[in-house]
Amino acid sequence: MDDIENPDAPLPPPRTARFGEGVEGKGARRERGISGPRVGPLGRMGQFLRDVRAEMKRVSWPSAKEVKNTTIITLVAVIFFAVYLFLVDRVWAFLLVQLNHLLNWLTGSA
């Protein structure tokens with residue numbers, strides 16, 4: 001805001017840190033070799049499974065009643081739109097056939 005009020009104020013220095021460097025980049029980026037020795041494929045798989053188990057504990061699962069209600073709502077919506085699109089398709093097909101007959105009658109084509 002000071003820059004707007006005082007146009008003669010000096011500009012801040014240009015940013016010199018690259019992506020992933022500096023305070024804001026420390027938690028956002030991990031590179032191989034930085035956090036310790038490399039782990040083999042079995043170690044990585046074990047870590048992956050531990051991470052999956054920890055993440056699954058944080059999931060909020062819907063109740064059976066919520067699943068049933070959303071399933072019914074979804075099925076009703078799918079049936080409604082299927083019927084709607086079928087009817088729109090039939091109306092357009094009818095109109096195009098009638099237009100074709102009209103054009104054939106007007107031009108005298110058989």
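Me: What makes D89 and R90 a salt bridge here?

Reply: Their side chains meet at 3.4 Å, N to O. The cut-off is within 4 Å from a side-chain nitrogen of Lys or Arg to a carboxyl oxygen of Asp or Glu, so the pair qualifies. Keep in mind that this is a predicted model.

Me: And are D89 and R90 buried, exposed or partly exposed?

Reply: D89 has 42% relative accessibility, and R90 has 43%. Partly exposed covers what lies between under 20% (buried) and over 50% (exposed), so that is the label both get.

Me: How many salt bridges does the structure hold?

Reply: There are 2. Besides D89 and R90, R58 and E55 meet through their side chains at 2.8 Å, N to O.

Me: What makes F80 and F81 an edge-to-face pair?

Reply: Their ring centres are 5.1 Å apart, with 75° between the planes. Centres have to lie within 6.5 Å to pair, and planes over 60 degrees apart count as edge-to-face, so both tests are passed.

Me: Why is the pair of F80 and Y84 called stacked?

Reply: The planes of those two rings are at 10°, with the centres 6.5 Å apart. Under 30 degrees counts as stacked, so that's the name. F80 and Y84 are 4 residues apart in helix α3, or about one helical turn.

Me: How many aromatic pairs are there, and which residues form the cluster?

Reply: The whole structure has 2 aromatic pairs, and F80, F81 and Y84 form one cluster.

Me: How exposed are F80, F81 and Y84?

Reply: F80 comes in at 52%, so it passes the over 50% mark for exposed. F81 at 49% and Y84 at 45% are both partly exposed.

Me: How do you know that the span of helix α3 agrees with its length?

Reply: Helix α3 has 44 residues, 64-107, and at 1.5 Å a residue it should span 64 Å. Its end C-alpha atoms are 64 Å apart, so the two agree. Just after α3, G108 takes a positive phi of about 80°.

Me: What does the chain look like overall?

Reply: It has 3 helices and 0 strands, in the pattern α-α-α. Buried residues make up 1% of its 110 residues.

Methods. Residues are numbered from 1 along each chain as its sequence is written. This is a predicted model: local features need pLDDT of at least 70, side-chain atom pairs count only at pLDDT 80 or more; totals for chains, interfaces and linings use all residues. Side-chain values use heavy atoms; hydrogens and water are left out. Helices (H or I, at least four residues) and strands (E, at least two) are DSSP runs, numbered from the N terminus. The expected span of a helix is 1.5 Å times one less than its number of residues. Rings of Phe, Tyr and Trp (its six-membered ring) pair if their centres lie within 6.5 Å; planes under 30 degrees apart count as stacked, over 60 as edge-to-face and the rest as tilted. Buried means under 20% relative accessible area, exposed over 50%, partly exposed in between (1.4 Å probe, protein chains only).
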